[in-house]
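Colleague: I am new to this model and would like a close look at one strand and its surroundings. Please keep to one connected account.

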Amino acid sequence: MIGIRNIGGYIPERRDDNFAKAHKYALDRAFIEKKIGIVATARKGDDQCASDMCKLALLDLQKRDSNCLDNVDCICVCTQNGDYQLPQTSAVLHQKLNLPIECAAFDISLGCSGYIYALHIMRGFMLENQFRKGLLFTADPYSTIISDNDKNTDLLFGDAATVTLLTDNPIYEVGKGSFGTFGDKHAALIKRNAEKLFMNGREIFNFVMTYAPILVNQCLANNKVVKEDIDLFLVHQASKYVVEKLAQRISVLPEKMPFCATNYGNTVSSSVPLLLHRYFEDSHYHKLLLCGFGVGLSMSATMLRRL
């Protein structure tokens, strides 16, 4: 069995204050606080790139597990905003972590649904090759691709990174996943060459409200559980409004589907694992359902069981 042994995270200390931008975008404080739900967005340093943030997430993991870097068989970086167009960011990180040449390193180019996709890909890769330890990183510094004059993106996206330790001695077992792709809607969230990020928020909201509940129900059925069995629904932190409305659509209590991105923002592929990082060490949570949705337009969900 390959599952999750531990998790680390990094959120930059620097913040952009959304209340300070309210006048520029003709918004009142109540809209920012109660609907967007993000009052500040985390911003990486000007000299930082994705691999730097990944390394800092690893430092956090090492505080929880000092031996996490010993005998690592493989690493994966889930990002759509890596250090370079090529080579893969995992190769750069491989050097920064001084890993041996026998350590496999690869990237996965997915956004908001990417953590769950990458989790299943890494687990399968490790099982197939009889690997015992792997590190799954996420880092999507969207601050490099958004315009500071676009209220649709400037008030939402924050920078962060995470690292998940996968081993054959896990604390959480990974269940069966459910996935979906709506490629005909890919232009709803897109970064074209030489342009900044464009987002059609209304189209993405409609997509999430229509299809995410279906995907969640599929995931529950695939894992032979009902929603009442789930202790926490850890869903992509698109905005407070999206998370609250999704909880209503799925008919779960708000406290079972937390929104925690108030002070750092929508961190794309790091969104779901940052939630997992928050709750990981609380042994009261035995069954978790993870769900990501967004750029692609892509969806993913999976189940975690504490062993």
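In what sense, parallel or antiparallel, do S1 and strand S7 (residues 161–167) pair, and over how many bridges?

Modeller: The model is predicted, so local features need pLDDT of at least 70 and side-chain atom pairs count only at pLDDT 80 or more, while totals for chains, interfaces and linings use all residues. Residues are numbered from 1 along each chain as its sequence is written, and side-chain values use heavy atoms, with hydrogens and water left out.

S1 and S7 pair in the antiparallel sense, and seven bridges join them. Strands here are DSSP runs of E with at least two residues, helices are runs of H or I with at least four, and both are numbered from the N terminus. Two strands count as paired if DSSP finds at least two bridges between them. Within this pairing, Asn6 has Leu165 of S7 as its bridge partner.

S1 spans residues 3–10, and seven of its eight residues are buried. Buried means under 20% relative accessible area, exposed means over 50%, and partly exposed lies in between (1.4 Å probe, protein chains only).

Helix H4 (residues 114–128) has, among its buried residues, Tyr115, Leu119, His120 and Met126. Its 15 residues reach 21 Å from first C-alpha to last, close to the 21 Å expected at 1.5 Å a residue. The expected span is 1.5 Å times one less than the number of residues. Just after H4, Gln130 takes a positive phi of about 55°.

H2 has 15 residues and reaches 22 Å from its first C-alpha to its last, close to the expected 21 Å. Its buried residues are Ala50, Ser51, Met53, Cys54, Ala57, Leu58, Asp60 and Leu61. Seen down the axis of H2, these fall within an arc of 165°, so they line one face of the helix. The arc is that of the directions from the helix axis to the C-beta atoms.

Most residues other than glycine have a negative phi, and most peptide bonds are trans. The bond from Leu86 to Pro87 is cis, with omega near 10°, and Pro87 is found in the loop between S4 and H3. The loop between H3 and strand S5 (104–108) holds Asn98. Phi of Asn98 is near 55°, a positive value in a residue other than glycine, and Asn98 counts as exposed at 69% relative accessibility.
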